[in-house]
Amino acid sequence: ADGIAGAPAPFDKGGVKLALISYISAGDFFQAYQAGAEAQAKALGIDLRVFPGRQDASEQREQILQAVNLGVSGIVIDHGLPESLTDVVQQALDKGVKVVAFDVNLNNPKIPQVEQSDHELAQLALDQVVKENGKSFSAGYVYVAGFAPLDRRNEIWDKFKADNSGVVEKARFGNVSDTTAATTADQAKAALTANPDIKVVFAPYDEFARGVKLAAGDLGIADKIKIYSADVSTADIQEITEDGSPWVATVATNPAVVGAVSIRAAALEVAGQTVPHQITVKPTLLTQESLRAAGVKTIEDLAAKVPAFNTSDAATASWIPQKLF
Ligand code: SR1
C-alpha cells in the first residue's frame, strides 16, 4: 500500500481501510456524492469499501457491523434513520472505529456531522421565490419527514409561511423511494389538478423537482407554475435551462465535494487530528436565468465558473491532497 510522505500515521504507511455506508444510492445526488468520496479516498491512498444503500434500515445496520468486522478504521454514514443506527454506531465507536455522519443526526459528540447548511439553502430558495412571485400565492410543497436535510429545510418553510400569511400551502405530497421522481410526478399530477391555483411549488430535493416538472409537462401547465428546488446535477441543469421549463431555480452544493469532505473528515479523525463537530458545505443559488446567461450546461461548467463547485475548505489539512476534479 502506498503511503503519503509527510502524512501522520497511519496515512504515512498507507493501507487505511474506510467504509462508506449509504441509506440511498439511487439518483444523481447520491451517485455524485459517492464519486466524490471515492476520488478523495483514492487521493489519500485509502481502501474505501462502498456499501450501497437501498433505503433499508436493517440492511444499513448490518452493513455497519460488517464494516467493523472487516477491520475498517473509519465509517462514513450517509443518510439513514437515527433510531435504527444509534446502537450499532456505538458498537463501532466502542471498538475504536471513527464515525462521520452526513445528513443523519447521530447526536453524539464523538461523531462529526456534515451538512449542506440546509437552513441557508432553504432560505436562499425562498428568497428567490419572493423575488419572483411576491409574498402572496398558493403553493405546493414536497416533503417527507424523517430525513435530516428535509427536516431542516422544512423548519425554514414553516417559518416562511408563519411570516407570510399570504402564502397558502394548498397541497403537500412527496415520497422517498427507489422511484422518487416518478412517484412524485403521480402525486403532483393529482395535487396540481385538484388545486389549479397553485403558482409556486417548493420541492427542496432535485428528485422531487424532477417529478413536479414531469407532472406539469403532462398536464400542459408548465407555463403556469414555478418550481424551486435543492441540488444540482448535469441532468438537472439540462432540465432547468430547456425552453419553457417551469424549474426556475435551485440551491445547491457540488455533491462530489460533499462526498470528498466527508472522507477527509473521516481521515482526519483516523489520524487523531481535530475535526469540528459541525462541518458545513455552503450552497449556492442557481437560477434558470443565470445558468442560461452563463451558458452553463454541466456540473463541470459550474465547477469552472463557481469556485464552491470545485472545492471546499472544510476538513482540510496540508497533507491531504485535494485536487479531485
Ligand atoms: C431524502 S434526502 C435528499 C437530500 O439529501 C441531500 O441532502 C440532498 O441535498 C437531497 O436533497
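Modeller: Let us begin with one bridge, bearing in mind that the model is predicted. Alanine 230 stands opposite valine 251 in strand E10.

Colleague: In what sense do E9 and E10 pair, and over how many bridges?

Modeller: As a general idea, strands of a sheet pair through backbone hydrogen bonds, either parallel or antiparallel. Here E9 and E10 pair in the parallel sense over four bridges, and strand E8 (residues 198–203) pairs with E9 in the parallel sense, also over four bridges.

Colleague: How many residues of E9 are buried, and which way do they point?

Modeller: Strand E9 (residues 226–230) is mostly covered, with five of its five residues buried. Lys226, Tyr228 and Ala230 point one way, whereas Ile227 and Ser229 point the other way, and all are buried. Strand E10 (residues 247–252) is mostly covered as well, five of its six residues being buried.

Colleague: What is the strand order in the open sheet of six strands, and which strands stand at its edges?

Modeller: The order of this open sheet is E2-E1-E3-E4-E5-E11, and the pairing is parallel. Strand E2 (47–51) and strand E11 (278–280) stand at the edges, each with a single partner strand, so one side of each is left without a neighbour in the sheet. From one strand to the next the twist averages 20°. As a case within the sheet, strand E4 (residues 98–102) and strand E5 (residues 113–115) pair in the parallel sense over two bridges, and phenylalanine 102 stands opposite valine 114 in E5.

Colleague: Which strands does helix H1 lie across, and what covers its buried residues?

Modeller: The general point to keep in mind is that an α-helix has 3.6 residues a turn, so residues three or four places apart point the same way. In this model, helix H1 (residues 28–43) lies across strand E1 (17–22), E2 and strand E3 (74–78), running at about 175° to E1. Its buried residues are Phe29, Phe30, Ala32, Tyr33, Gln34, Gly36, Ala37, Gln40 and Ala41, and what covers them includes E1, E2, E3, helix H7 (206–219) and helix H9 (255–270). H1 has 16 residues and reaches 23 Å from its first C-alpha to its last, close to the 22 Å expected at 1.5 Å a residue. After H1 comes glycine 45, whose phi is positive, near 70°.

Colleague: Why does glutamine 63 count as buried?

Modeller: Glutamine 63, which lies in helix H2 (residues 57–69), counts as buried because it has 23 C-beta neighbours inside 10 Å, where 20 or more are required. Leaving aside neighbours within four places in sequence, glutamine 63 is in contact with Ile21 and Phe51.

Colleague: Where do the domain bounds fall, and how many residues does the contact take from each domain?

Modeller: The protein chain is divided into domain 1 (17–116 + 255–282) and domain 2 (118–252), whose C-alpha centres lie 29 Å apart. The contact takes 14 residues from domain 1 and 17 residues from domain 2. On the side of domain 1 that touches domain 2, the largest share, three residues, comes from H1, and by class that side has five nonpolar, five polar and four charged residues.

Technical notes:
Residues numbered from 1 in each chain as written. Predicted model: local features only at pLDDT ≥ 70, side-chain atom pairs only at ≥ 80, totals over all residues. Pairing = 2+ DSSP bridges. Axes fitted to C-alpha atoms, helices over the stretch in contact; angles between N-to-C directions. Contact = placed C-beta atoms within 7 Å. Domains from an automatic or database assignment. Nonpolar A, V, L, I, M, F, W, Y, C, P; charged D, E, K, R; others polar. Expected span 1.5 Å × (residues − 1). Buried ≥ 20, exposed ≤ 12 C-beta atoms within 10 Å, placed from the backbone.
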